[in-house]
Amino acid sequence: MAKETGIVRWKDLALGCTLMEPGTAAELKTGDWRSMRPVTNRELCIKCGQCYIFCPDMVYSRTAEGYYEANYYYCKGCGICARECPKDAIQMVQEEK
Amino acid sequence: MGIAAEALKDFKGFNLKKLPEVEPLSSGHRACQGCGEILALRQVLKALGENVIVASATGCMEIVTSPFPQTAWRVPWIHVAFENAAAVISGVESAYKALNRKGKIDQPDVVFLAYGGDGGTADIGLQALSGALERGHNFIYVCLDNEAYMNTGIQRSSSTPYGAMTTTSPPGKKSIGQRTWKKNVAYIAAAHGIPYVATASPAFALDLMNKVKKAAMIPGPAYVHIFSPCPTGWRHETDLAVEVARLAVLTKIFPLYEVIDGRWILSRKVAKPKPVSEYLKVQRRFRHLTEKDIEDIQRRVDEEYEDLLRRCAMSGGEPEKKEGEEAQGD
Amino acid sequence: MGKRVGMEVSIAAAEVVGLCDVDVIAAYPITPQTHIVEHLSELVADGHLDAEFVPVESEHSAMSTCVGAAAAGARTFTSTSSQGYALMAEICYIASSLRLPIVMAVANRALSAPISIWNDHADMMMARDTGWIQTVAENGQEVVDLLLHAYRVAEDPRVLLPVMVNLDGFILSHMIEPIYMPDKEEVQRYLPPYKPALRLDPRNPMTFGPVGMPEVYTEAKKAQDEAMKGALPVIVEAWKEFEKHFGRAYHPVETYKTDGAEILLLTMGSVSETAMTAVDKMRAEGKKVGLVHLRLWRPFPAKELVEALQGAKAIVVVDRAMAFSTQSGPVCVEVKAALFDHGISTYVQNFVAGLGGRDVTVEDFEMMVAKTSDGLAKGLPMTYEIVNVRE
Amino acid sequence: MVEIRFHGRGGQGGVTSAELTALAAIEQGKFAQAFPSFGPERRGAPVMAFVRVSDQQIRTREKVYNPNIVVVLDPTLLQIVNVEAGVPQDGIVVVNTRLSANELRKTMGLTRRLAVVDASTIAVETLRVPITNTTMLGALIKATGVITLDALRGPVEKRFGPIAEKNLRACQRAYEETVVEE
């Protein structure tokens, strides 16, 4: 099966077009949608996790030191994390093209 | 003690510092930048974990999570049609009940979740929802209310608020925009006498997650109505979904409460409410409203809030928290 | 051992569904289907059948509930008629597309307006292109047999499609007649336990019903079409097995006194029995008339039908529903297409009869045959007309 | 093949009479059909129910147009329904009536052969209710022999449970008291 495109032969379809493998959307790079990127200043970060719980794209994960790190493969650049950060530790900066 | 209260005896809420890491919904989904609806759905699923089966109504959340050949779902999920998520989950739940009882499977603890947008819940799916609530299936129904048919291009629904501009409630010389007041589906759900009804907002994430967890613990039907900002349809900036959701609560436009065994309980009393104009002005769907229109909306919001307070007072439900006590994220 | 009993056909239908050990029944009442689901609810209430009886608030939800239950791995059943079918039709397309082996009995009834609770085949014709297998019963025994057969076919791993068993409303559903009811052991010997191919299970999460972009929708429909075509030999095989177990034979296309027949009647459903009586009478009068009757409506057994029809000088196709076409009723369209595909240009007369509970009598069949015989002799154009309509 | 038409009023059990007749015939190893006049049932309204009995498999789904036997459960129906409609000259009409066959023939202008029984009185005395459906089956059996009293026992027991015996007694008594014209 051509994973990205969905161009398949009818014989290769699972019964009823069911998708047998969970969470395969993780292959999709939604970071392409972004024109602004969030950048965290760890000096200001209080590790409160607001960026984590308010992210619609599950971009942030907790590091060993307790900071939250953005995965730019998925980040669409909506800016909610920056807006919600109580310490203004996250800035939205222009993507370099 | 009612069945809900009984089931919640040992309830323990989530802690922001130690949230479950599980993400039943994967990154890579196709929701718009800054989508408040998928944020709400993510929080719902985090609260429920992975031993869940999900039935989806047609709508944004269905389209953005399942275009063949990828799926954002890490839990079993089924989409059938627009108006029938509650009926589909009735079938799934009944099947598990029968198969467990007959010894054909041994999976007694699966949680059953159906969700739909406001169109799939308040309009076309209301009958199926009412049927499933009335029949008493053990399931959670979540309405992700973004106040219009966003998936088809922002048409009005019965959940669209008064005055809002949509593509089928355009303001004009002879129209204010949406001419009707928002249908209150949580009240309708509560009128079924089901053990648990709640409203929730993704801006108050812990409150939302706790309510969904309670809904899962309670045997029988539970209904959770979640306010889900849509930057695309509401015409606000993409970073504002959480802020708009918060403002809706703090202006009393979308009060947070629970109905547990018929007892109405405010989740937080909005002691010093912000004026509705603060909520309206950040959304261009309300841009055309006059001062007079905004006054009308303020009056209606105040009346509805009073009505809610009366319901709480009459059933002896006390607010759990007062405004100002809450931490960010809660 | 099963036994011969006198029983209302609806009750017998419910009994055999109970013997099939269904897990979930979802149903909404509509005349003339009601006795089937009433009796199922009794079987559950009395503890004779261990199943969830879900008394849904509409037929739309009945089918939706069956879809959810079947996707969760349950053996399911529902039943409806007419307007109820129309309401659930949306979900019927999805049930077959998701390849869920739901079984449904349809007590065939006319569609509104004007509202009619009486029998014709409008609901069944509406279901024509939904991707369901459709079998057609002519008497109570066949209702029982076809329901049992339906589960075996639907759940066959080579098929996995929903099956609709059609029985004429009132004429069969409310009839008391002798029926051989199998017992539980006999049913179990014929019908293996249901092992779902795919199911909604948190231990093995799958996504059912994803969005089909233009890149895949055509392939999805092709796969479904192939499944339907592939179902035909399995349907026949399951009937052969049925004959071995129960001694009653079924075929996609059946014939009665067709040897040497010059004019063939073509019918579907309970009127086929009246047609047999008419054929007996006409044969006794020396007329070379026979009967071909369809047992299987979908997948359409074109090849078998042509084999049964070829050699006749004229064919009298009896439709029990309107197509509001200018040339043929729905069955006749198929018949003409099948003949054309096989290079056969037999004289075909099409009569619509028995709409909304209007009786179809032996005399009616005699009239149709006489008219056809006359038209053939005089070289009149082939006609399409409604029988006994008052001008 | 014998065809029977029952006339009653909705709620009087005419459909049950038809069903029990068919069930008894099937019990005897015969072939039978029983069916109501299809449609919504309304209490009090005149209703009909039909039975076919045959030694061979019955292969017709037509309505019954020419019944050989007609059973009238309620004498008041004679004034509003032509119970002889479609009945061939050699047919028989079995009527619940206090009148004799002759009186009935005169007052109602009936022309077919008659069998009469005061089923209402028998029903009230035996069952304590004026429901004549099982009672009239005794009359049917006496007048036509289309089924046997023995064959009726099983279906009646299944249908009526604890009150089956009373119904069978009413049936037996009607069988004895029915007067059949030669």
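Between chain A and chain B of this predicted model, 23 residue pairs are in polar contact, both members of each pair being at pLDDT 80 or more. On the side of chain A that touches chain B, helix H1 (50-53) and helix H2 (80-84) each contribute at least two residues. The residues on that side of chain A comprise 21 nonpolar, eight polar and eleven charged ones.

Charged side chains also pair directly across the two chains: the count of salt bridges between chain A and chain B is two. One of them joins the side chains of Glu84(A) and Arg246(B), with a distance of 2.6 Å from N to O.

In total, 40 residues of chain A are in contact with 42 residues of chain B. The area buried between chain A and chain B is about 3400 Å², and carbon and sulfur atoms account for 58% of that area.

This interface may then be placed within the assembly. Four pairs of chains are in contact, and among these pairs chains A and B share the most contacts.

Chain A itself is divided into domain 1 (1-29) and domain 2 (34-94). Taken over C-alpha atoms, the centres of domain 1 of chain A and domain 2 of chain A are separated by 31 Å.

Notes
Residues are numbered from 1 along each chain as its sequence is written. Chains are lettered from A and ligands numbered from 1 in the order in which they are written. This is a predicted model: local features need pLDDT of at least 70, side-chain atom pairs count only at pLDDT 80 or more; totals for chains, interfaces and linings use all residues. Side-chain values use heavy atoms; hydrogens and water are left out. Contact means heavy atoms within 4.5 Å. Buried area is the accessible area (1.4 Å probe) that two parts lose on being put together, summed over both. A salt bridge is a side-chain nitrogen of Lys or Arg within 4 Å of a carboxyl oxygen of Asp or Glu. A polar contact is a pair of N or O atoms within 3.5 Å; within protein, one must be able to donate a hydrogen and the other to accept it, and residues adjacent in sequence count only if both atoms are side-chain atoms. Helices (H or I, at least four residues) and strands (E, at least two) are DSSP runs, numbered from the N terminus. Ala, Val, Leu, Ile, Met, Phe, Trp, Tyr, Cys and Pro count as nonpolar, Asp, Glu, Lys and Arg as charged, and the others, Gly among them, as polar. Domain bounds come from an automatic or database domain assignment.
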